[in-house]
Amino acid sequence: MRTNYLFTSESVSEGHPDKVADQISDAIVDLFLSKDPEARIACETLTTTQLVVLAGEIRCKGVYENGAWAPGAKEEIEATVRRTVKEIGYEQEGFHWESFRFENNLHGQSAHIAQGVDASGNKDEGAGDQGIMFGYATDETPDLMPATLYYSHKILERMAADRHSGAAPFLEPDAKSQVTLRYEGSLPVAATAVVVSTQHAPGYDEGAKEAELHAYVKKVVADVIPPVLLRETEYHINPTGSFEIGGPDGDAGLTGRKIIVDTYGGAAPHGGGAFSGKDPTKVDRSAAYISRYLAKNIVAAGLATRCTIQLAYAIGVSKPLSLYVDTHETGTVGDDKIEAAIMGIEKLGGLTPRSIRTHLGLNKPIYRKTAAYGHFGRKAEGDFFPWERTDLVEDLKAALA
């Protein structure tokens, strides 16, 4: 296994057009789950200059039943979309929460999909689609996430907090970051490059104001990345020069186009399925969450310093087709033994879609928070981010004793 190398991950802010779309889609998921915990949602969002379009399939008691909208439902959906954009901070001529044109093209779920997913008779609830899902954890950071992605997220989270608080009034919502680390012995020893591109107020692309913006970004980076890693860092701050036009006005956004930002920054495989806009019967979402949960608990239990999990499902079938564990030659026990231990832990229920949702408590309106700054490496708090808990450690140890 190679131990000395450069590796890079990127992140994008909540104001990036694709992330605007993700947050709108997940706000709709939360809205429907708040009305009906068994709702089915597949909501895609398109954003562009002064336009937001929703499309997809839904089923939700009290909102959309028997091919018809409940009174006031369409208005509540539009209000949810506009509130989401307002909270992100878009009040620009090319994209304003109050005045953009809105289209709602959501419609009823296919009966043929429903019959494969719903439980009936002696048939358990099946997976909402076929596919492969991956989870990953590494001891590089306290959150057991790849350091390159961890720092990329933290830079933009800090900048967004300063924008919202007014501490950095020259910032606008759209931004991207990228961190390159040099690894020696599989641990990060230096940040060789940091890239930050941020939308800004007029005038912050030259002279004293540009210098102020650059100094601000370097201060944020210094607060986020440990000083020991910043001794040889090359900075690229707004390398194209001006970045006044941004967000959906600068580039169209679509749900599900930032799946590597959402997961592990390229440090682990990805099955290809996006998360946002999907209710938790869709294993693209729920099985990816349980895979992260398993990988994180394996590392937290000291069974490995690095772990990749893969799960596979068939639409309409409840039992996973496969479970694969790879501890990348860092494991204290065999990977096959960990696989057997996972499938033997009763509370995990054989990793069926229903047992995943039950164990993690996924049929709740908890998804809008996931749609910016990563679905993983977040703080498990109350009902939010339950897949980040490390409450399976003792069960794993007992199963392997």
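Student: In this predicted model, at what angle do helix H8 and helix H10 pack?

Tutor: Helix H8 covers residues 283–300 and helix H10 covers residues 353–360, and their axes lie 10 Å apart. In this predicted model, the angle at which helix H8 and helix H10 pack is about 60°.

Student: Which word describes how H8 and H10 are set to each other?

Tutor: The two helices pack at an angle of about 60°, while angles of 65 to 115 degrees would count as roughly perpendicular and those under 35 degrees as roughly parallel. H8 and H10 are therefore oblique to each other.

Student: How many residues of the contact of H8 with H10 are nonpolar, polar and charged?

Tutor: On the side of H8, the residues in contact are Val283, Ser286, Ala287, Tyr289, Ile290 and Tyr293, and in H10 they meet Pro353, Ile356, His359 and Leu360. The residues of this contact divide into 8 nonpolar, 2 polar and no charged.

Student: Is histidine 328, in the loop between strand E15 and helix H9, buried or exposed?

Tutor: Histidine 328 is found in the loop that runs between strand E15 (322–326) and helix H9 (335–344), and this residue has a positive phi of about 55° although it is not a glycine. Because its relative accessibility is 16% and the cut-off for burial is under 20%, histidine 328 counts as buried.

Student: What is the phi of glutamine 50?

Tutor: Glutamine 50 is found in the loop between strand E2 (40–48) and strand E3 (51–59). Although glutamine 50 is not a glycine, its phi is positive, at about 50°.

Technical notes: Residues numbered from 1 in each chain as written. Predicted model: local features only at pLDDT ≥ 70, side-chain atom pairs only at ≥ 80, totals over all residues. Heavy atoms only, no water. Helix = DSSP H or I, 4+ residues; strand = E, 2+ residues; numbered from the N terminus. Buried < 20%, exposed > 50% of the residue type's maximum accessible area, 1.4 Å probe, protein only. Axes fitted to C-alpha atoms, helices over the stretch in contact; angles between N-to-C directions. Parallel < 35°, antiparallel > 145°, perpendicular 65-115°, else oblique. Contact = heavy atoms within 4.5 Å. Nonpolar A, V, L, I, M, F, W, Y, C, P; charged D, E, K, R; others polar.
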